[in-house]
Amino acid sequence: MLRSLCRTGGLILQQTQRTAPRLWVTPAQQRWASSLPMNTLVLFVPQQEAWVVERMGRFHRILEPGLNFLIPVLDRIRYVQSLKEIVIDVPEQSAVSLDNVTLQIDGVLYLRILDPFKASYGVEEPEYAVTQLAQTTMRSELGKLTLDKVFRERESLNSNIVHSINQASDEWGIRCLRYEIKDIHVPPRVKESMQMQVEAERKKRATVLESEGTRESAINVAEGCKQAQILASEGQKAEQINKAAGEAQAILAKAEAKAKAIRVLSEALTQHNGNAAASLSVAEQYVSAFSNLAKESNTILLPSNTGDISGMVSQAMTIYSTLAKANPKASPKELEQSGNEVQTEPDEQRTQ
């Protein structure tokens, strides 16, 4: 009985039911729905599909995946919606950037149906509507950017297009997951200018790198010269210090030798016939001083009694005797000073 009823309902449905329009099915590719199934009382809905059922021409309910029962003749499957992620190729179109460059651009749109009721009754041709919305939104977003920013900010451009599409497609029960730009074609002249710009940028970088290398080389050379001068100055400083230390030691050695000689001389003068020895030494120095005249300068001043050697010796010995009587316990240093005076006496007489 039930089997006969199902067969009778199927025959009646085939005769009376007109061919229902296929939602979102293009001649090239069927993306959104399969062929509408026939009401056979017992229906099995596949996973990730939603079947919209009308009862007597009015929306009744949406069949969930699994086993479902319908009343023949009264219930009718009007739409079949796929809940999978759907990919739509957005055709290539022309757009003008902010700097008036015409671009040929296409993309790929990824959608998903969230509400089968709105997707069925919210818009007549959802695929065409979404495609046109994506194209107009893409032209609008490209008009806000220059050519250079179009290539650099593709991610932000894609996100802006997705946001604009979702604002309009909420009433359709469709959610745009992402939009990807596939190809961007620029005019040949613009491409040539871009290549020239890239070459100029590369030459600029090469020139900058070369100049930086020259600068680094000059800095290194200057730093080397600076270090060399510092080392040379330190060497000269050490040399002068060593030289001064040597001269100081030489002066000290000469002073010590002279002091020793004066002490020996003072001891000799206190001995027997010391005055005679001193007179002989003064006479020898007097003769030696006269032998050096006119060797360093052409101007010579001589005393009036140049040939009176005995008088000069007597004068020197008189000065020594006077100093010895005035300072009978003179120290060697004082004797050294007196000896210097005696030694410089002939020189003073020569200069008078």
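Helices (H or I, at least four residues) and strands (E, at least two) are DSSP runs, numbered from the N terminus. The model shown is predicted, and therefore local features need pLDDT of at least 70 and side-chain atom pairs count only at pLDDT 80 or more, whereas totals for chains, interfaces and linings use all residues. Residues are numbered from 1 along each chain as its sequence is written, and side-chain values use heavy atoms, with hydrogens and water left out.

**A. The chain as a whole contains nine helices and eight strands.** Of its 352 residues, 28% are buried; this term means under 20% relative accessible area, while exposed means over 50% and partly exposed lies in between (1.4 Å probe, protein chains only). The accessible surface comes to about 23,500 Å², with 54% of it belonging to carbon and sulfur atoms. Such areas come from the Shrake-Rupley method with a 1.4 Å probe, and for residues only the protein chains shown count as cover. A contact means heavy atoms within 4.5 Å. Among contacts between residues at least 6 apart in sequence, 69% join residues at least 24 apart.

Strands β6, β7 and β8 form an open sheet. Two strands pair if DSSP finds at least two bridges between them. In general, strands of a sheet pair through backbone hydrogen bonds, either parallel or antiparallel. Here the order is β6-β7-β8 and the pairing is antiparallel. The edge strands, β6 (86–96) and β8, each pair on one side only. On average, neighbouring strands of this sheet are turned by 25° against each other, direction ignored. Ten bridges join the antiparallel strands β7 and β8, and L111 stands opposite C176 in β8.

**C. Helix α3 lies across β6, β7 and β8.** The helix runs at about 40° to β6; axes are lines fitted to C-alpha atoms, for helices over the stretch in contact, and angles run from 0 to 180 degrees between N-to-C directions. The expected span of a helix is 1.5 Å times one less than its number of residues. Twelve of the 17 residues of α3 are buried, so the helix is largely enclosed by the rest of the structure. Among them are P126, V130, L133, M138 and L142. The buried residues of α3 pack against β6, β7, α2 (116–121), α4 (147–152), α5 and β8.

**D. Helix α5 lies across β7 and β8.** This helix (residues 154–169) has 16 residues and reaches 22 Å from its first C-alpha to its last, close to the 22 Å expected. Relative to β8, α5 runs at about 140°. Its buried residues are L157, N158, I161, V162, I165, N166 and S169. Seen down the axis of α5, these residues fall within an arc of 165°, so they line one face of the helix. The arc is that of the directions from the helix axis to the C-beta atoms. The partners against which they pack are β7 (102–113), α3 (126–142) and β8 (174–185).

**E. Strands β3, β2 and β5 form an open sheet of three strands.** The order is β3-β2-β5, with antiparallel pairing. At the edges are β3 (58–63) and β5 (75–82), each pairing on one side only. Neighbouring strands of this sheet are turned by 25° against each other on average, direction ignored. Strand β2 (residues 49–55) pairs with β3 over five bridges, and R58 in β3 is the bridge partner of R55.
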